[in-house]
Amino acid sequence: MTAQLTHDDPRLGLRPAEARADDPLTGVAMRLLGDALTGSGDECVCAPALGVPVRLLALRRGADLIHVLNPRLSSLSDLHLNRAETRPQTGPVQRHAWRARRVTLAGTQPGGLPLSLDLDGPLAIAVQQAVELLDNRDALSWVTPFHRAWLRATDAPVRARARAINHGLHRPDGAALRLLDDRRVQVLSDDGTPLGVIDALNPAMPVEGWARRCLGLLCATSALRHVMVTGPAHLPLAVAALALVPGLTVHHPAAGWPLAAMQVLDLGAAFRPAQLSDAAPDAPRLDAIVAGADDDWLHGPDALARIRHAGRRLSGDGGVLLIHGTGPLARDPRPAAGRVSRGPRGPGRRCDVPGRDKGAAGPGRRPCPRAGHREPHRSAAAAGGGLHGLADGSPVMTVAASVAQRPRILFLHLSGPGQFEFLGRWLAGQGWDVTFMHGGIDADPAHDGIRTRRFALRDTTIPTGDPRHILDHAAQNCRGATELMFRMRHSEGYVPDVVVAHAGWGVGLGVKLVWPDCTYVAYHEWYYTDRNWDKRRAEKPVDLAVMISDRMRNLPITGEFDLADASWCPTLFQASRFPPVLRRQITVMPDGVDCDLHRPDPQARIDFDWLRLPADRPVITYATRGMEPLRGFPQFLRGVARLQARRDDFDTVILANDSVSYGRPLARGDSWWLRMIDQLDLDHRRIHVNAMRPRDEYVRTLQASHAHVYFTEPFVTSWSLSEAMATGCLVIGSNTAPVRELVRDMENGLIVDMDDADEVADAMAWVLDNPGDAADLRRAARRTILADHDAARVFPAKDAWLRAAIGAPVH
């Protein structure tokens, strides 16, 4: 099968490497696999299916998510011929394969313990396909954006659409679709006339150059819900857009449309016959119109009127009119729909944009702004409209639907949306054009008008014990992020007004190299130091190696301050970690908590598919990312053990991964959970442990909690602390600075010495024995969050700050 990754991708031709719990690549693969299996039902995915060359697979078995390192099939039974199987994990080719109905999967858990699972039915077949892919020397050669979008889709209609496209292209009937070679399929009109070619292995990437350029402009628009194509030759482009964008409807003329091809691809529901001249009041506003330069409606004495009408059909959110071809246009359509610019007819030509100086503009590039002037906001597809030259010399003209466009913001992180997710989605609802960008493989389809872009993550070859490892890690992250930003700027014409980047990982160090005129906000979480800057002394003894390591960690962090237009930090305590000369440049702005989602519910109870407790049963809860000393997990269990020895009228629910998220990882096969159950005499019938759960389960657990324990060493404050207080939990917190910033003893919670197990047990017992006083503290905890951390207050303040920074009008 022909390789579909970029020609120089080092993963091609490699056998997946052995998975190791301490390997960063394995950790990245585990996160990606977890994201891919968020849906319900039994499912299996292996790392190469997502483009990660490591021997790792994940199983969704009911409510359980199981990661298996270096899997193998130790037994197979009841073989049968599985006919015409095709799955996104194993490539698009349909085939007959002998499969076992029952298998035994063996491997290793992330904690190092051996694992053996007996599987049957569809899950057994899926595991065989995954292991087959792991053993394939060309395991990554088939991976395309189309297949990743298929795999990651959680909506049944979206998955069904991808499956139907794949099925139709690999079993062409010859009348509507004709196979040209091992991957190219010719689309035929109903009378047999050739219309275009589709790549059967990657239908999301058009074969023709003009169509690829048009697709890039379409996918760059702020939202893509309704697109009109004016001729049947655009069907391959329409199929590509439908393969990438969930919820898209394509409008097309009834005459000459290849209905038979649509039927073979099972895309009838995604197409709707319509005319561009349709003036019905209920006709939907179009996000894009794709036309050919030879279309009759673009010529003749009434061409201008028809173009003006097309402009009125476009959405005001940045809709675009794309015209491809080499024929001359009838007239300059500038009056038709807002500001329109004439661009280059070929390489090296200059173009004039109203209100701007002239600048060099080659094919597919926007005019250069005058030095010292910010580029005003334009259409998401081409930033102000214009006639853009394509690689094959065909121009594409974009006509902006309106002059007033949405301000653009790009959120940049290493591993995911992170703390920017809720703010970004709220800003999108306030008229912002929002894009998330982080490390990973390929881009997700747009959801709710929000795009996600991913850049390549590169591992450093410097050992972890070497202080240079940290610097090279940041340099590799900077390289991957900056390369994608450069492509977005120069290939797609994307220019954000604001970039907000998570500082410290290196991902934001290249922002100003690509977009020097944007407003850059560095989001700071931590400064590594042993010093209390206010007391001018060290807090505790630290060995030399740790001091050197901290200094290396701080170099990428301090490097952000001379680049950023603003620096944000979420808490006063975290800001206090920075030296005074840097602290003066920091604005403390809380992350914000969705207090409508995280709210008290007196009727909530623990009633999940993995655990059910009586409604009147007292529950003590603990929820954080990992089970580790930095978050006080051993101390918490010691307190629970003491309380269990005194009374049996409560249960304990723990939501945390059996891993170390912060600090030095343990040896393979070791964990703090295993250590503590060996050390303590715990009644496991009354302790219920699960990994991090979906947010609805997490919120219900907090709502049902009688006492919620949050312990931490002086470090970054967890989101779970403010979320628990917003939910009305009575928080028992550690006597450390990050907790004391929110929790005041006997005013809105309890403060204890987390290293004193008896004091921890006494506090939990007091909560259970004094429900009236505890209720007062719960209400005070929620009032604390509503006053200063409620997203309903924080998000509008950030919105106003960002708009003021770029001179955008208040929404």
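Are Trp257 and Phe271 buried or exposed? In this predicted model, whose residues are numbered from 1 along each chain as its sequence is written, local features need pLDDT of at least 70, side-chain atom pairs count only at pLDDT 80 or more, and totals for chains, interfaces and linings use all residues. Side-chain values use heavy atoms, with hydrogens and water left out.

Trp257 is buried, and Phe271 is buried as well; buried means under 20% relative accessible area, exposed over 50%, and partly exposed in between, with a 1.4 Å probe and protein chains only. Across the chain, buried residues account for 56% of the 811 residues. The secondary structure comes to 22 helices and 33 strands, where helices (H or I, at least four residues) and strands (E, at least two) are DSSP runs numbered from the N terminus. Of the contacts in the chain between residues at least 6 apart in sequence, 65% join residues at least 24 apart; contact means heavy atoms within 4.5 Å.

Trp257 and Phe271 form a tilted pair, at 5.6 Å centre to centre and 55° between the planes. Trp257 lies in the loop between β10 (249–252) and α7 (259–264) and Phe271 in strand β11 (residues 271–273), so this pair ties together parts that are 14 residues apart in sequence. Tyr622 and Phe636, by contrast, form a stacked pair, with 4.7 Å between centres and 20° between planes. This pair links distant parts of the chain, with Tyr622 in strand β28 (residues 619–626) and Phe636 in helix α15 (residues 633–646), 14 residues apart. Both Tyr622 and Phe636 are buried. Elsewhere, ring pairs join Phe411, Phe420, Phe436 and Tyr523 into a cluster.

Rings also meet charges. The charged end of Arg675 sits over the ring of Trp672, 4.7 Å from its centre, and Arg686 lies over the face of Phe650 at 5.4 Å from the ring centre. The criterion here is NZ of Lys or CZ of Arg within 6 Å of the ring centre and within 35 degrees of the ring normal.

Turning to helix packing, the axes of helix α17 (residues 695–703) and helix α18 (residues 719–726) come within 9 Å and cross at roughly 60°; axes are lines fitted to C-alpha atoms, for helices over the stretch in contact, and angles run from 0 to 180 degrees between N-to-C directions. That makes α17 oblique to α18, given that angles under 35 degrees count as roughly parallel, over 145 as roughly antiparallel, 65 to 115 as roughly perpendicular and the rest as oblique. Arg695, Tyr698 and Leu702 of α17 make the contact with Ser720, Glu723 and Ala724 of α18.

Thr712 is found in the loop between β31 (707–710) and α18, and is buried with a relative accessible area of 0%. Not counting residues up to four places away in sequence, Thr712 touches Leu630, Arg631, Ser734, Thr736, Pro738, Val739 and Met754. Gln128, in helix α2 (residues 122–134), counts as buried at 6% relative accessibility.

Methods
Phe/Tyr/Trp six-rings, centres within 6.5 Å; stacked < 30°, edge-to-face > 60°.
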